[in-house]
Amino acid sequence: MKLRRVFGVNLSSDFPFLARLPAADGEPDLSFRCVSRWSSGAPQGRQLFRSPERLVSGQRALELDAQAERYLLRVGGVGEFEIAAREIRCLPARDDPVMVEIALLGTVMSFWLEQRGVAAMHASAVAVGARGVAFLSGQGGGKSCLAAGFLEQGDGLLSDDVLPLVEREGRAWAQPAYPQMRLGDREAGRLLPPGLELPRVHEAISKRRVAVGDGGWGRYCHRSVPLALALLPERAADSRSQIRLEPVGRAAAAVELARHSFLGRTLRAAGLEVERFRRLAALARHLPFRRLVYPSGLRYLPRVRQAVLEELDHLD
């Protein structure tokens, strides 16, 4: 069992991760392993959530059952994940460790973090010096490209998908996820130097897996940093548009944090929504939010970064 660091947690596992999770010191906070069968039969529990979305096979995309001191999270087409306070076990639906890894480092760990009072944001984030900047958006919102534009200029990656946030000493702190990005062919070809090995994330996913840091591209930030600015990217329809950073009020910021959280409906079904929104409202009180309106196109990324740096200087 190797000890690795991911999402601010020491994870003990013998799973063959493709993402190069950094080695960790100390005691494990959580263990993860796959099993070939449930030792006492299929875990039984109380049904909490069934997603309305279904796969082509007709299987539900996500299901959640409550058991004694643990949950069973079924990820359609991937497997069943039994989630306890210090252990996660997976019964894979088929021999596809890549999809198990994607589910674990996304949906499953997000649920585990939220149970422990850590807000799991759907965001990319970078460390600019000792300050963090987050880009909150859904699929196709441009958050990975924006983060890559900052890495191209020497800033460090904190996260490219799940960003753990905690409130500490009146500030919002961003915890590093793991040193990997996912970029499309066009973005990877434009932003990355030639000669890098860029395998596809999965045979069914078109994006490329980009290792960050040692032996890869760019720089990875291994430490937690105070988050100085949260941005809501919005591509302008007109490429001639000026880059704008528009203030967002605290109430609207809390709503945006909730909107860009993972697993909103699932957490509501598990009875975790009220406490989670309290955490998000506290984070919104301490975290400046701006709506970032910028012209579409990779050539504008250096100008976007400069505008963000100027905003950071203004906040200081």
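Residues are numbered from 1 along each chain as its sequence is written, and side-chain values use heavy atoms, with hydrogens and water left out. Because the model is predicted, local features need pLDDT of at least 70 and side-chain atom pairs count only at pLDDT 80 or more, while totals for chains, interfaces and linings use all residues.

Select strand S6, residues 70-75, where strands are DSSP runs of E with at least two residues and helices are runs of H or I with at least four, numbered from the N terminus. Five of the six residues of S6 are buried, that is, under 20% relative accessible area with a 1.4 Å probe, protein chains only.

Next select strand S7, residues 79-83, which pairs with S6 in the antiparallel sense over five bridges. Here Leu 73 has Phe 81 as its bridge partner, and Gly 77, in the turn of the three-residue hairpin connection, has a positive phi of about 75°.

Finally, show helix H2 (residues 143-152) with helix H7 (residues 301-315), whose axes come within 9 Å and cross at roughly 80°, the axes being lines fitted to C-alpha atoms over the stretch in contact, with angles from 0 to 180 degrees between N-to-C directions. H2 is therefore roughly perpendicular to H7, a term for angles of 65 to 115 degrees. Cys 145, Leu 146, Gly 149 and Phe 150 in H2 meet Leu 301, Val 304, Arg 305 and Val 308 in H7, contact meaning heavy atoms within 4.5 Å.

Definitions and conventions:
Parallel < 35°, antiparallel > 145°, perpendicular 65-115°, else oblique. Buried < 20%, exposed > 50% of the residue type's maximum accessible area, 1.4 Å probe, protein only. Pairing = 2+ DSSP bridges.
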